[in-house]
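I opened a new notebook page for this one. Below is what I looked up, roughly in the order I got to it.

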Amino acid sequence: AASGFREPDRPLEELHAEIRELQGDFARTQTMYRAHFHGLQTSLEQERGAAAGHLSSNAALWANVAAMRERRRVVEEELAKGRQRGQAASAAVDQLRGRLEAEAQACERLNSQKEAMRKRQRAGESEMNKYQRGGAYDVRKMESDLAK
């Protein structure tokens with residue numbers, strides 16, 4: 001804890017899968033809202049064109065304009081909500097990428113420490129084998145080496 005090292009909460013593969021899933025969700029959401037907005041926009045444009053051709057009185061025209069403005073406001077609200085959800089998904093992906101990078105660095109540090117410990121263990125075993133003779137330890141040889 002004092003070194004700033006933290007064990008990974010979840011396996012890296014799971015984090016990768018979650019990032020891919022969020023990216024797919026983000027892309028599908030964006031596509032859906034673009035198609036929805038385009039359909040609404042096309043529909044409104046057709047309605048506007050039809051209304052302009054059929055209406056002759058100012059009162060009916062203003063009523064249709066108000067209705068179209070209201071529909072446009074609703075569409076713009078939906079688009080804003082979609083953008084917010086997209087930004088939230090993008091922020092979550094960025095956060096997960098940061099966590100993934102930190103986890104990868106922690107794994108790299110652990111592998112380095114593991115290799116260093118492996119080398120120390122081999123050196124210790126080699127030193128221990130130096131004093132072993134016939135399955136028992138040569139205490140006299142150890143004492144003479146320590147006395148030097």
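**Notebook: helices, a pocket and a cavity**

I started with the lining of the largest pocket: H2 gives the most to it, seven residues. Before going on I noted that the model is predicted, that local features need pLDDT of at least 70 and side-chain atom pairs pLDDT 80 or more, and that totals for chains, interfaces and linings use all residues. Residues are numbered from 1 along each chain as its sequence is written, and side-chain values use heavy atoms, with hydrogens and water left out.

**Pocket**

I wrote down how a pocket is found: on a 1 Å grid over the protein atoms alone, it is an open set of points with protein on both sides within 12 Å along at least five of seven lines, and lining residues have an atom within 4 Å of a point. The largest pocket has a volume of about 280 Å³, a volume being the space filled by probe spheres set on the points, which are joined across faces, edges and corners. Its lining includes Phe37, Gln41, Arg48, Met68, Arg72 and Glu76. Helix H1 (12-54) and H2 each supply at least two lining residues. By class I have six nonpolar, one polar and five charged residues there. Here Ala, Val, Leu, Ile, Met, Phe, Trp, Tyr, Cys and Pro count as nonpolar, Asp, Glu, Lys and Arg as charged, and the others, Gly among them, as polar.

**Cavity**

A cavity is a set of points where a 1.4 Å probe fits but cannot get out. I found one cavity of 30 Å³ or more, and the largest cavity holds about 30 Å³ of space. Tyr33, His36, Phe37, Leu40, Val75, Glu78 and Leu79 line it. H1 and H2 are the elements that give two or more residues to that lining, and H1 has the largest share, four residues. Val75 is on the pocket's lining list and on the cavity's.

**Whole chain**

I looked up the elements next: three helices and two strands, running α-α-β-β-α from the N terminus. Helices (H or I, at least four residues) and strands (E, at least two) are DSSP runs, numbered from the N terminus. Of the 148 residues, 12% count as buried; buried means under 20% relative accessible area, exposed over 50%, partly exposed in between (1.4 Å probe, protein chains only).

**Helix H2**

How far apart are the end C-alpha atoms of H2? They are 107 Å apart, which agrees with the 108 Å that the 73 residues (58-130) should span at 1.5 Å a residue; the expected span is 1.5 Å times one less than the number of residues. I listed its buried residues, among them Met68, Val75, Leu96, Glu103 and Ala106.

Arginine 99 is in helix H2 and counts as partly exposed because its relative accessibility is 28%. Leaving out residues up to four places away in sequence, arginine 99 touches Asp9, Arg10 and Leu15 (contact means heavy atoms within 4.5 Å). Arginine 99 and aspartate 9 are 90 residues apart in sequence, yet 9.8 Å apart in space, C-alpha to C-alpha.

Arginine 6 lies in the segment before H1. I checked its contacts beyond four places in sequence and found Glu103 and Ala106.
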